[in-house]
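Subject: Structure handover

Dear colleague,

Here is the structure I said I would pass on.

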Amino acid sequence: MLSVKLTHQLPGFTLDVDFTAPAGVTALFGRSGAGKSTTVHAIGGLLRPDSAQITLDGRVLTDTAARVHLPPYRRQIATVFQDGRLFPHLSVRQNLSYGRWFAKLQGPDDLPRVARMLDITALLDRGIHGLSGGERQRVALGRALLSGPQLLLMDEPLAALDEARKAEILPYLERLRDAGGVPVLYVSHALDEVARLANTIVILDAGRVVRVGGAADLLSDPDLASYFGQRQAGAILHARVTSHQADGLTELATSAGSVWLPRIAALPGAEVRLRVPAQDVILSRSRPDGLSALNILPATVTRVSGDEGFGVLVQLQVGTDLILARVTQRSAVALDLQPGTACFAIVKSVAVAQADSGIGA
Amino acid sequence: MGDWLTPMEISALGLSLRVSFWATVVSLPLGVAVAWLLARKRFWGHGLLNGLVYLPLILPPVVTGYVLLIVFGRQGLVGAFLDQTFGLVFAFRWTGAALAAGVMAFPLMVRAIRLAIEAVDPRLEQAAGTLGASPVWVFVTVTLPLILPGILAGAVLCFAKAMGEFGATITFVSNIPGETQTLPSAIYTALQVPGGGPQVVRLVLISTAIAMIAIALAEWLSRRVARRIAGRSGGAGA
């Protein structure tokens, strides 16, 4: 477990954060300038904070009161940088095995296994100059993993890639998370990445921690929508693939009933997370009839949160999940939406946010 | 070779090569260290060190030779100490010629290496650190391989400058045949002798031939290094 408590004065800006990151993927989320980079640099030892106490699994990395500040090379924290930073004078294989020697790792070399997981086995004897952006980030990820770290810092690892390259890398990050090995602190300002990858989210704003919590809880909290971005706000629905059907749809079972999606890659039985954008959910007090939308789920209003200009965010209990719906102020009054109101959620669009490790298999 | 070179010419040529070789070999590690300090560290006296390194490039060589004589002469502060402690004498010896050549060539060498170090992305070194490499290992495994072409260029420049060094050498260690008479000194001597014209021409030809060989060698070496680095980083891997 990573425990971070630090204050640092920057020109015109004070960083004052305090959080712990459990096992799994913890996303450090916030807009640019929120203090994410300063925080990861302090954790990695690249920056000496004014005052801090940082421990990893009980090991003290920084304790300014006791004048302890381990240099980066003694922290056993590997970083995947936004710009890859592969060594240009080394081959892919040499890049991958760079950290192993310094870590004095015993036992069989993990390189073949990691290379297989990241699909870079064919690149091993190549130089790094011919690699695409996506291949570079996979090699950078492999290089970090193979240095035997106690924590993996990912500092906006996808920010420099276009959408197609991002989509190429994300399944590998999911595999890594589902393999459940090294804990990851994932820095990002992109909500789709965070919704897809994170187990835990730390929301950072103007140098302070706004909230720390489970990804599903935070994403379905209407009060936090302003941090996630009013247009992007949306919650997660847990589902299991039931069957792929002849008309090109995939049926998935949620705790509140079936939903249908255009055919997805995951195999029947696979657990998936569906991302439901708040503005793509329509509410109805009675079960709608003669509607083209396929996905209609019974729901109970749990919270109504007004936010000027963007309408009203309604939090709904759908089976065991909480989702958000955005409606206008007028509709909220007309439908008399109160906590406890039973209604139906019509979900216009759903995207697979996250699949299990079956992807790519 | 003895058939077409006189003993005096062989002696001057051999001495020049020996002086330049040792000037380059001894100053190279120091040059890398100083270049690294100047490129990567900010410390009190940074400007002073920078100035000291470049001073021989700007001063008249005769001044540099005079300063060397005062400091490294037998009566000089450092010279006397080295003589008594290690039996190492510079004054009027070929070692002094090597010292003078090394000092004169040092700024050129440091400049070439410093430019190479400044071209290395510090973020690569930072990345190596996060992978567990201590600063010394970062230098050996990342910085050094990347600046190898620069080091080579610096060494070639140093050698070439040492081959041609004249002013500081003749001031510091004089012009003693067989001990401190390098090719430039020999040319100077021949110029002073009435009817020395043909001798001058022969020595000039020898100097030119050496220069051409050195340039060809440097080209070949740098191409090899460039190919090796490109081969690792840009190769198809098949």
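This is a predicted model: local features need pLDDT of at least 70, side-chain atom pairs count only at pLDDT 80 or more; totals for chains, interfaces and linings use all residues.

Of the 238 residues in chain B, 38% count as buried. If one takes the contacts in chain B between residues at least 6 apart in sequence, 74% of them join residues at least 24 apart.

Next, the contact between the chains. Chain A puts 26 residues into it and chain B puts in 20 residues. On the side of chain A that touches chain B, the elements giving two or more residues are β7 (77–80) and α3 (98–103) of chain A. Of these, α3(A) gives the most, with 4 residues. Sorted by class, that side of chain A has 13 nonpolar, 9 polar and 4 charged residues.

Then the core. The largest nonpolar core has 164 residues, and the members that touch the most other members are Leu185(A), Ile323(A) and Ala345(A). Helix α5 (residues 94–118) of chain B gives the most to this core, with 17 residues. In soluble globular proteins, nonpolar side chains tend to be buried together.

Now the strands of chain A. One open sheet has 5 strands in the order β16-β20-β17-β18-β19 (chain A), and its pairing is antiparallel. From one strand to the next, the twist averages 45°. Within this sheet order, β17 and β18 are neighbours. Strand β17 (residues 296–306) of chain A pairs with strand β18 (residues 312–318) of chain A in the antiparallel sense, over 6 bridges. Across that pair, Arg303(A) stands opposite Gln315(A) in β18(A).

Another pair to look at is strand β13 (residues 249–254) of chain A with strand β14 (residues 257–262) of chain A, which is antiparallel with 6 bridges. A hairpin through 2 residues joins β13(A) to β14(A). Leu252(A) has Val259(A) in β14(A) as its bridge partner.

Last, two loop residues with positive phi. Gln76(A) is not a glycine, yet its phi is near 55°. It sits in the loop between β6 (68–69) and β7 of chain A. Is Gln76(A) buried or exposed? Gln76(A) counts as buried because it has 21 C-beta neighbours inside 10 Å, and the cut-off for buried is 20 or more.

Asp119(A), also not a glycine, has a positive phi of about 55°. Its place is the loop between α4 (111–117) and α5 (133–145) of chain A. With 14 other C-beta atoms within 10 Å, Asp119(A) is partly exposed, since that class lies between the limit of 12 or fewer for exposed and 20 or more for buried.

Regards

Key: Residues are numbered from 1 along each chain as its sequence is written. Chains are lettered from A and ligands numbered from 1 in the order in which they are written. Two residues are in contact if their C-beta atoms, placed from the backbone, lie within 7 Å. Ala, Val, Leu, Ile, Met, Phe, Trp, Tyr, Cys and Pro count as nonpolar, Asp, Glu, Lys and Arg as charged, and the others, Gly among them, as polar. A nonpolar core is a set of buried Ala, Val, Leu, Ile, Met, Phe, Trp, Tyr and Cys residues joined through C-beta atoms within 7 Å. Two strands pair if DSSP finds at least two bridges between them. Axes are lines fitted to C-alpha atoms, for helices over the stretch in contact, and angles run from 0 to 180 degrees between N-to-C directions.
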